[in-house]
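Have the sequence handy as you read.

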Amino acid sequence: MTLTVLTTTRIPEGIKGALTKWFLHPHPNVHVGDTTARVRDEIWDILENEHRVFNDGYAIMVYHATNEQGFEIRTCGKHSYEVIDIEGFIAIKQHHKKAPA
């Protein structure tokens, strides 16, 4: 089992309710739980499939992994941050909105 942190915005209430089976909800849009890889992957599949329905929302999942940094990140949806891989090193790139000319 692995500690998993999931942050979400604008997801359907039904999915939020389903997440309470595996996660505690310590703060709005933050879900924390100790899940198996199988459960974590199934939850992610649900979020990715539902994302096609709730286009405005997004989700970010962070969990333990046996890599140099000790974790992996998954994202779905539209947000101003992009996870990029630089030769095996995970980094976050923030997209800034351009001011009108």
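Predicted model: local features only at pLDDT ≥ 70, side-chain atom pairs only at ≥ 80, totals over all residues.

The buried residues of α2 pack against quite a list of partners: β1 (2-9), α1 (13-19), β3 (30-35), β4 (58-64) and β5 (71-77). The residues in question are V39, R40, I43, W44, L47 and H51. They all sit on the same side of α2, because the arc they cover around the axis is only 135 degrees. The helix itself runs over residues 37-51 and reaches 21 Å from its first C-alpha to its last, close to what is expected for 15 residues.

In soluble globular proteins, nonpolar side chains tend to be buried together. Here the largest nonpolar core has 13 residues, and those touching the most other members are L6, L19, I43, W44, L47, A59 and M61. Two or more residues come from each of α1, α2 and β4, with α2 giving the most, at 4 residues.

What about charges? The count comes to 4 salt bridges. In α2, R38 pairs with E42, with N and O 3.1 Å apart at the closest; the two are 4 residues apart, about one helical turn. R38 is exposed at 64% relative accessible area, while E42 is partly exposed at 40%. Over in α1, K16 and E13 meet at 3.6 Å, N to O, and are likewise separated by about one helical turn.

R40 makes a salt bridge too, with D41 at 3.9 Å. R40 is buried, at 9%, whereas D41 is partly exposed, at 29%. Shared partners join R40, D41 and R74 into one network.

Key
Residues numbered from 1 in each chain as written. Heavy atoms only, no water. Expected span 1.5 Å × (residues − 1). Buried < 20%, exposed > 50% of the residue type's maximum accessible area, 1.4 Å probe, protein only. Arc of directions from axis to C-beta. Contact = heavy atoms within 4.5 Å. Core = buried A, V, L, I, M, F, W, Y, C linked by side-chain atoms within 4.5 Å. Salt bridge = Lys/Arg side-chain N within 4 Å of Asp/Glu carboxyl O.
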